[in-house]
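Subject: Handing over the structure

Dear colleague,

I am passing this structure on to you, with the sequence and the model shown just below. After that come my notes on what was found.

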Amino acid sequence: MEKRKFKINILDFVIFIVILCSVAVLTFRDTVNEVFTKPETTVLEVTLFVDGKDNCALIRDSLENDAVFIVDVKTELQVNTSLEKFVALPGSLTVPQKGELTVKISGYKRLGRFYTENGTRLIADSECAVIIGETNVACKLISVAIGG
């Protein structure tokens with residue numbers, strides 16, 4: 001009996017790689033499509049944490065008005081927005097000290113992450129602000145979701 005050595009040809013290796021890549025593309029076709037196509041812009045609902053009774057009172061009085069949303073305090077990128085909803089957090093009976101503000105902005109979702117229309121990533125727990133009139137209200141970004 002003769003011992004045979006296993007020889008691999010370069011052509012066999014290329015065929016194996018092509019089959020492997022084809023299976024990977026078919027399995028992850030949604031992700032591959034999302035990477036290579038331009039995302040569709042939609043409305044995003046951004047929830048912000050607001051602290052301070054003066055800030056909460058100002059926001060409650062300015063609901064459903066237009067404002068400017070500063071996505072990141074460090075870069076000072078400004079996006080026009082509308083103040084949609086304010087929910088006072090429990091803790092005080094008369095005047096709210098803390099609350100959650102929901103604003104709507106234009107943006108998109110790509111690979112599970114949210115971005116503004118111009119490509120700035122929206123990151124949870126980042127420092128942001130809302131400008132109402134001439135007052136700058138400091139906030140903290142809590143969450144982002146696709147809105148309607």
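At 46% relative accessibility, Leu111 counts as partly exposed, where buried means under 20% relative accessible area, exposed means over 50%, and partly exposed is what lies in between, computed with a 1.4 Å probe on protein chains only. Before going further, please note that this is a predicted model, in which local features need pLDDT of at least 70 and side-chain atom pairs count only at pLDDT 80 or more, while totals for chains, interfaces and linings use all residues. Residues are numbered from 1 along each chain as its sequence is written, and side-chain values use heavy atoms, with hydrogens and water left out.

Leu111 is found in the loop between S4 and strand S5 (113-116); helices (H or I, at least four residues) and strands (E, at least two) are DSSP runs, numbered from the N terminus. Although Leu111 is not a glycine, it has a positive phi of about 55°. Asp125, in the loop between S5 and S6, is not a glycine either and has a positive phi of about 70°. With a relative accessible area of 57%, Asp125 is exposed. As background, most residues other than glycine have a negative phi.

**The nonpolar core**

A nonpolar core is a set of buried Ala, Val, Leu, Ile, Met, Phe, Trp, Tyr and Cys residues joined through side-chain atoms within 4.5 Å. The largest one here has 25 residues, of which Val46, Leu48, Phe69, Leu101, Leu122 and Val130 touch the most other members. The elements that give two or more residues to this core are strand S1 (42-51), helix H3 (53-61), strand S2 (66-70), strand S3 (78-88), strand S4 (98-110), strand S6 (127-132) and strand S7 (135-146). Leaving out residues up to four places away in sequence, Val130 touches Leu48, Ala67, Val68, Phe69, Leu83, Leu101, Thr135, Asn136, Val137 and Cys139, contact meaning heavy atoms within 4.5 Å.

**Tyrosines and Thr116**

How many aromatic pairs does a search of the whole structure find? The search finds one, and it is formed by Tyr108 and Tyr115, which are stacked at 5.4 Å centre to centre with 20° between the planes. Rings of Phe, Tyr and Trp (its six-membered ring) pair if their centres lie within 6.5 Å, and planes under 30 degrees apart count as stacked, over 60 as edge-to-face and the rest as tilted. Both tyrosines, Tyr108 and Tyr115, are buried.

Thr116, which lies in strand S5, is buried at 1% relative accessibility. Not counting residues up to four places away in sequence, Thr116 touches Val71, Leu77, Ile105, Ser106, Gly107, Tyr108 and Leu122.

**Salt bridges**

A search of the whole structure finds two salt bridges, each being a side-chain nitrogen of Lys or Arg within 4 Å of a carboxyl oxygen of Asp or Glu. In one of them, the side chains of Glu45 and Lys104 meet at 3.8 Å, N to O, and this pair links distant parts of the chain, with Glu45 in strand S1 and Lys104 in strand S4, 59 residues apart. Glu45 is partly exposed, with a relative accessible area of 28%, and Lys104 is partly exposed too, with 21%.

Glu127 forms a salt bridge with Lys140, the closest N and O atoms being 3.7 Å apart; here Glu127 in strand S6 and Lys140 in strand S7 are 13 residues apart. Glu127 is partly exposed at a relative accessible area of 44%, as is Lys140 at 32%.

**Cysteines**

The structure holds zero disulfides, a disulfide being a pair of cysteine sulfur atoms within 2.5 Å. Cys56 is in no disulfide, and the nearest cysteine sulfur, that of Cys139, is 9.3 Å away. For Cys128, which is in no disulfide either, the nearest cysteine sulfur is again that of Cys139, 5.2 Å away. Cys56 is buried at 0% relative accessibility, and Cys128 is buried with a relative accessible area of 1%.

**Lys53**

Lys53 lies in helix H3 and is partly exposed, with a relative accessible area of 47%. Lys53 and Val95 are 42 residues apart in sequence and 6.7 Å apart in space, C-alpha to C-alpha. Leaving aside its neighbours within four places in sequence, Lys53 is in contact with Val95, Pro96 and Gln97.

With best regards
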